[in-house]
Amino acid sequence: MQQVKISGWGRPDDALDVARVRGDFPVLDETVHGKPLIYLDNAATAHKPRAVIQRLVQYYETENSNIHRGVHRLSEIATLAYEGTRAAVRGLLNAAEEREIVFVRGTTEAINLVARSYGGAHLQAGDEVVISAMEHHSNIVPWQLICQEKGATLRVIPVDDRGDIVMEAYHRLLGPRTRMVALPHVSNALGTVNPVKAMIADAHRAGAPVLIDGAQGAPHAGVDVQDLDCDFYAFSSHKLYGPTGVGVLYGKAGLLEEMPPYQGGGDMILTVSFEETEYNVLPYKFEAGTPNIAGVIGLGAAVEYLAGLGLEAVAAHEDRVLAYAVERLTRVPDVRLVGTPEHRASLVSFVLGDIHAHDIGTILDQEGIAVRTGHHCAMPVMERFGVPATVRASFACYNTEAEVDVLAEGLEKARRLFAGV
């Protein structure tokens, strides 16, 4: 398994060979309603390259076995591949140690783990947890639950009309009762890239640890957890071209060491008796039961695939497509962007006149265009901007400016259809 180290995604001179990349994704050869598939729903889940698909097949055909406890050859092979992914993810995030990488089912479970384990052990009545008004529900509900249980208070940083966090309000919210700050690296509904490094430093000065929801950040923004100095970072495999049902929680080793287990069962123990249980070392203390072995191995293949493309080249290409989309869509009459943040990544949300987002999505589907419509599991964001739902187009390494043009033409068609012309 390749060791991947990324200190920043930068802006390279060499452009991504998008035609070659598109050839790596079999689904892009499909048609929808007789039209070539244009997949612009990558913030929900990205497609899988052939290398990931073939790695899953290889595991099930020739390596299928449970890991860690077996002494037979297949178990040894599967264990090496599984732990190889941990090494690759450590490199991807530039974590200090492999034991700081915990495999979970996704970003949602990672946040629940921290809320339940760290929050359950540290929150008391009167304490405060600070989140933002642009959170995905997965970074709201777990904190609501633990705050209700412990008698703590959830404090919310407001978002301005552009879709940026109001930093002055954030600074006012930090105080002696702040016990946790939980923030998105990139907003899944607005595309806002938050100044998380500065916000982490602010929280640390107030004595509070920070969890970063990196579901939209890890695939697009480049992550160095040591440079950020975040205490926890969570992301999902399936948004990074890997399988569903797998995610990663990075945590500083010192914090993970002191946290109690999130679940009990096999592999998270060293010894068990009816009187007492001794827990396993990191990271296995948090990996109870048989994991999604194939999924973790598939994630390793996805990390290797991205490293082979060049993460800096991928980021630069996605930025170009996104910039073109923002400019092109604003030229479509009646399109209004929802969120115009200072720094944006990976996606654009918009409304088209008074047409409901679901109707727009249905019309675009007939043109072979896949977008996401609705509240995007970010209902407070919709309320903040006074809309019931938006259309969200989100981009990946295989998307092109030509696809954006087809999207704009589809919106023009929807506009004419509802205008009766």
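Student: On what basis are the values given?

Tutor: The model is predicted; local features need pLDDT of at least 70 and side-chain atom pairs count only at pLDDT 80 or more, while totals for chains, interfaces and linings use all residues. Residues are numbered from 1 along each chain as its sequence is written, and side-chain values use heavy atoms, with hydrogens and water left out.

Student: How is a sheet read, and in what order do the seven strands lie?

Tutor: Strands of a sheet pair through backbone hydrogen bonds, in either the parallel or the antiparallel sense. Two strands pair if DSSP finds at least two bridges between them; strands are DSSP runs of E with at least two residues, helices are runs of H or I with at least four, and both are numbered from the N terminus. Here the seven strands form an open sheet with mixed pairing, in the order β4-β10-β9-β8-β7-β5-β6. β4 (101-104) and β6 (153-157) are the edges; each has a single partner strand, so one side of each is left without a neighbour in the sheet. On average, neighbouring strands of this sheet are turned by 20° against each other, direction ignored. Within it, β9 (residues 232-236) and β10 (residues 247-251) pair in the antiparallel sense over five bridges, and A234 has L249 in β10 as its bridge partner.

Student: Which strands does helix α7 lie across?

Tutor: Helix α7 (residues 196-205) lies across β6, β7 (178-184) and β8 (210-213), and runs at about 160° to β8. Axes are lines fitted to C-alpha atoms, for helices over the stretch in contact, and angles run from 0 to 180 degrees between N-to-C directions. Contact means heavy atoms within 4.5 Å.

Student: What is the order of the four-strand sheet?

Tutor: That open sheet has the order β13-β14-β17-β16, with antiparallel pairing. Its edge strands are β13 (335-337) and β16 (372-374), each pairing on one side only. The twist from one strand to the next averages 30°. Helix α11 (residues 311-329) packs on this sheet and touches β13 and β14; its direction makes about 15° with that of β14. Helix α12 (residues 357-366) lies across β14, β16 and β17 (390-394), at about 160° to β16.

Student: How is the packing of two helices described?

Tutor: Two packed helices are described by the angle between their axes and the distance between the axes. Helix α2 (residues 50-63) and helix α10 (residues 293-309) pack at an angle of about 145°, and their axes are 9 Å apart. Residues making the contact include R55 and Y59 of α2 and G298 and Y305 of α10. The contact residues divide into eleven nonpolar, two polar and one charged. In this scheme Ala, Val, Leu, Ile, Met, Phe, Trp, Tyr, Cys and Pro count as nonpolar, Asp, Glu, Lys and Arg as charged, and the others, Gly among them, as polar.

Student: Where is the cis peptide bond?

Tutor: The cis bond joins L282 and P283, with omega about 0°. P283 is found in the loop between β12 (277-279) and α10. As a further backbone feature, D334 has a positive phi of about 75° although it is not a glycine; D334 is found in the loop between α11 and β13.
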